[in-house]
Amino acid sequence: MSNPRDLFLQLLGEMLWTERTLAFEALPELRCDVTAEGLAQAVDEHLEQTKEHAARLEQVFRAAGAEPSSNLSPPAEKLAEHRKQLAANVPEDRLKDVLNAAAAAATEHLEIAMYDALIELAGALDLGDARELLEENRKEEEEALRRVEDELGKLVQAAATARATAGSTGPGA
Ligand SMILES: [Fe+2]
Ligand SMILES: [Fe+2]
């Protein structure tokens, strides 16, 4: 990579890989592990948005005069792997949903950071249409982040209340 355009296309390819993997693998797997209704709804809705994100990124490639191509994003891959590993070791549903919400928030943070960089690069490269499409995706990531953080707060509260109740009925809880 010797210029901003190469870097833009590299990061765009990683983002396309991320959105496709989230849409067709990571979010469906996450959804299977979620039991809390509010979090399940948030994941379902963001799953639909994520399919759009992938489609929009293909448009971004074309707006930049390139063919869409995806390349592995190691951080996105690791985040999904790590969630799965931890979730397999949390037998209690409520606590597992706290982990699921935290993992979802971490992924949104990564996406937002990547979109911020892509938006800046698109601006520097005078790719106005690409920039607008990237901003649409970023806006939905921001909304999804706020929503899962909200669910995370409720889930932690519920888990703490359940612990306190269990603790008051007998010793050693
Ligand atoms: Fe996304
Ligand atoms: Fe997202």
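Visitor: Which residues does Leu39 touch, leaving out those up to four places away in sequence?
Guide: This is a predicted model. In it, Leu39 touches Val34, Asp97, Asn100, Ala101, Glu151 and Leu155, with residues up to four places away in sequence not counted.

Visitor: And the largest nonpolar core, how many residues has it got?
Guide: It has 38 residues. Leu39 is among those with the most contacts inside it, along with Leu12, Val43, Ala101, Leu118, Ala122 and Leu134.

Visitor: Which helix gives the largest share of this core?
Guide: H1 does, with 10 residues. H1 (4-33), H2 (37-63), H3 (74-88), H4 and H5 (128-168) each supply at least two.

Visitor: Switching to the whole chain. How many helices and strands?
Guide: Five helices, zero strands. The pattern along the sequence reads α-α-α-α-α.

Visitor: What box do the C-alpha atoms fill?
Guide: Roughly 65 × 25 × 25 Å, taken along the principal axes.

Visitor: What share of the chain is buried?
Guide: Buried residues make up 32% of the 173.

Visitor: And what part of the contacts with a separation of 6 or more comes from residues 24 or more positions apart?
Guide: 78% of them.

Visitor: Now Glu111. Where does it lie?
Guide: Glu111 lies in helix H4, residues 93-124.

Visitor: Why does Glu111 count as buried?
Guide: Because Glu111 has 25 C-beta neighbours inside 10 Å, and the cut-off for buried is 20 or more.

Visitor: What does Glu111 touch, not counting residues up to four places away in sequence?
Guide: Thr18 and Glu141. As for Glu37, 74 residues from Glu111 along the chain, their C-alpha atoms are separated by 24 Å.

Methods
Residues numbered from 1 in each chain as written. Chains lettered and ligands numbered in written order. Predicted model: local features only at pLDDT ≥ 70, side-chain atom pairs only at ≥ 80, totals over all residues. Helix = DSSP H or I, 4+ residues; strand = E, 2+ residues; numbered from the N terminus. Buried ≥ 20, exposed ≤ 12 C-beta atoms within 10 Å, placed from the backbone. Contact = placed C-beta atoms within 7 Å. Core = buried A, V, L, I, M, F, W, Y, C linked by C-beta atoms within 7 Å.
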